[in-house]
Amino acid sequence: MTNPSSPSSPPSTSRHQRRRHSQEANDDDEVDHGITFPARPEEDDELSPPRLEWDFRLAATVPSPALAGASDAIGSVDFDPAGRLLATGGIARKVRIYTVADFLHPPTQSTSSSCSPAACICVPAKLSSVRWRPEGGAVGCGDYDGVVTEYDAERGVASWERDEHAGRRVWALDYAPHGASMAASGSDDRTAHVWDPRAPSGTSWATARAGGAVLCVEFDPSGGPQLAVGSADRRAAVYDVRALGHGAVACMDGHARAVTYVRWAPARRVVTSAADGTHRLWEWPAATAVSGPAREVRSYSGHVSGRSFVGMGLWRGAGLVASGSESNHVFVYDLRWAKPVWVHPFGLGDGDAGGGFVSAVAWRQGDADAGGGALVAGRSDGVLKMFTCQRRTTDNPQVDDQ
């Protein structure tokens with residue numbers, strides 16, 4: 001899945017034509033505004049070297065299900081709200097749903113797992129985004145045909161289908177937290193639409209416009225009325241969904257190329273990822289009467305991202321950012337330090353000539369001090385790896401199974 005900077009694709013009138021003619025999208029210091037940002041204790045940590053406070057273990061490797069010569073690149077992975085199921089989607093036109101417990105059994109001699117999907121849903125188009133509903137039980141998908149579809153995970157059938165973007169590719173999909181009947185989608189048409197999943201298609205009630213294809217959207221997971229949006233015009237912004245037409249309440253301008261992912265961090269902060277090979281942490285004042293620029297707190301580098309989507313996820317409870325890389329590694333950053341604290345070489349897949357890369361990552365959210373965490377990474381050849389991590393104590397030796 002290539003990474004656009006100024007995506008563009010022509011609209012069409014039928015789903016079949018949209019699929020046939022779908023094209024990859026191509027690359028088309030802080031400012032003083034009289035706002036004082038309080039210093040954060042973590043800024044002092046920048047003076048100390050990065051340190052790994054977690055033990056990572058490779059729990060399972062799931063080989064690619066693709067036949068020889070076929071492509072099965074994973075473009076999106078997502079844990080369900082309970083952390084019991086994992087959904088994957090990509091160019092194979094399938095949503096595969098796995099039981100997470102199958103990954104977390106003690107590894108065999110080769111650390112390989114015979115996990116097979118608990119369910120496999122065939123879909124009509126390549127997928128760019130998969131996202132679980134906050135209530136669980138259903139997974140939404142955004143596809144290359146510009147359609148958003150929600151599937152019943154148990155029955156494997158579509159619950160509803162919407163074409164909010166006139167056939168232009170949907171890059172991103174997200175649901176508002178539990179209790180708010182809202183979803184958002186971002187597309188090649190340079191818009192992010194917010195709509196009620198219960199309403200008929202074509203009845204989106206708010207739209208944010210960008211200067212390039214909207215590649216990523218995410219609601220504030222804490223339940224606030226904010227939506228973060230990133231686009232191919234190298235910018236990201238935060239909107240109040242109650243007044244989306246009034247413009248952004250915070251603007252994040254600093255990346256050199258398309259912004260491919262946005263993730264919310266605690267305390268009114270957002271992490272962005274771009275095709276310039278950096279992640280960036282931003283914050284803005286808690287209360288301001290007008291919109292303005294966010295402050296860049298830190299930039300993270302080490303991974304390689306210039307041509308492809310490599311995934312980015314944030315474990316909010318632990319303050320850890322994970323991403324893939326075109327160098328075929330998984331990177332983990334601590335929000336306190338600009339350089340990675342853990343790097344895992346993914347390894348080559350069967351029959352791979354060496355041109356693959358890590359294309360999607362996701363954390364299982366949860367309390368960082370209660371049972372540890374889990375990180376999944378998907379590769380451009382369809383291979384999945386699951387890692388577990390535990391906070392290190394003085395009595396625990398360093399562990400990094402590879």
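Colleague: Which residue in β3 is the bridge partner of Asp-78?
Modeller: Strands here are DSSP E runs of at least two residues, helices H or I runs of at least four, numbered from the N terminus. Two strands pair if DSSP finds at least two bridges between them. β2 and β3 (residues 85–90) pair in the antiparallel sense over 5 bridges. In β3, the partner of Asp-78 is Ala-87.

Colleague: What should I know about the model, and how many helices and strands does the chain have?
Modeller: This is a predicted model: local features need pLDDT of at least 70, side-chain atom pairs count only at pLDDT 80 or more, and totals for chains, interfaces and linings use all residues. Residues are numbered from 1 along each chain as its sequence is written, and side-chain values use heavy atoms, without hydrogens and water. The protein chain has 3 helices and 29 strands.

Colleague: What is the average twist in the sheet that holds β2?
Modeller: Four strands form an open antiparallel sheet, in the order β2-β3-β4-β5. Its edges are β2 (74–79) and β5 (119–122), each pairing on one side only. With axes as lines fitted to C-alpha atoms (for helices, over the stretch in contact) and angles from 0 to 180 degrees between N-to-C directions, the twist from one strand to the next averages 15 degrees.

Colleague: Which residue in β19 stands opposite Trp-264?
Modeller: Look at the open antiparallel sheet β18-β19-β20-β22. Its edge strands are β18 (259–265) and β22 (295–301). Antiparallel β18 and β19 (residues 269–274) are joined by 6 bridges. In β19, Trp-264 stands opposite Val-270.

Colleague: Which residue takes a positive phi in the hairpin of β8 and β9?
Modeller: β8 (residues 148–152) and β9 (residues 158–162) pair in the antiparallel sense over 4 bridges. The hairpin has 5 residues between the strands. The residue with a positive phi, near 75 degrees, is Gly-156.

Colleague: Which residues touch the most other members of the largest nonpolar core?
Modeller: A nonpolar core is a set of buried Ala, Val, Leu, Ile, Met, Phe, Trp, Tyr and Cys residues joined through side-chain atoms within 4.5 Å. Buried means under 20% relative accessible area, exposed over 50%, partly exposed in between (1.4 Å probe, protein chains only). This core has 23 residues. Those that touch the most other members are Trp-54, Val-332, Trp-342, Trp-363 and Leu-375.

Colleague: Which tryptophans does Val-332 touch?
Modeller: Contact means heavy atoms within 4.5 Å. Residues up to four places away in sequence are not counted. The list of Val-332 includes Phe-56, Leu-320, Pro-340 and Leu-375. It also includes the tryptophans, Trp-342 and Trp-363.

Colleague: How many disulfides does the structure hold?
Modeller: A disulfide is a pair of cysteine sulfur atoms within 2.5 Å. The sulfur closest to that of Cys-122 is in Cys-120, 5.2 Å away, so it is too far for a bond. The number of disulfides is 0.

Colleague: Is Cys-389 buried or exposed?
Modeller: Cys-122 is exposed, at 58% relative accessible area. Cys-389 has 0% relative accessibility, so it counts as buried.

Colleague: How far apart in space are Val-194 and Ala-176?
Modeller: Val-194 is found in strand β12 (residues 191–195). Its relative accessible area is 0%, so Val-194 is buried. Ala-176 is 18 residues apart from Val-194 in sequence. In space, C-alpha to C-alpha, they are apart by 9.7 Å.
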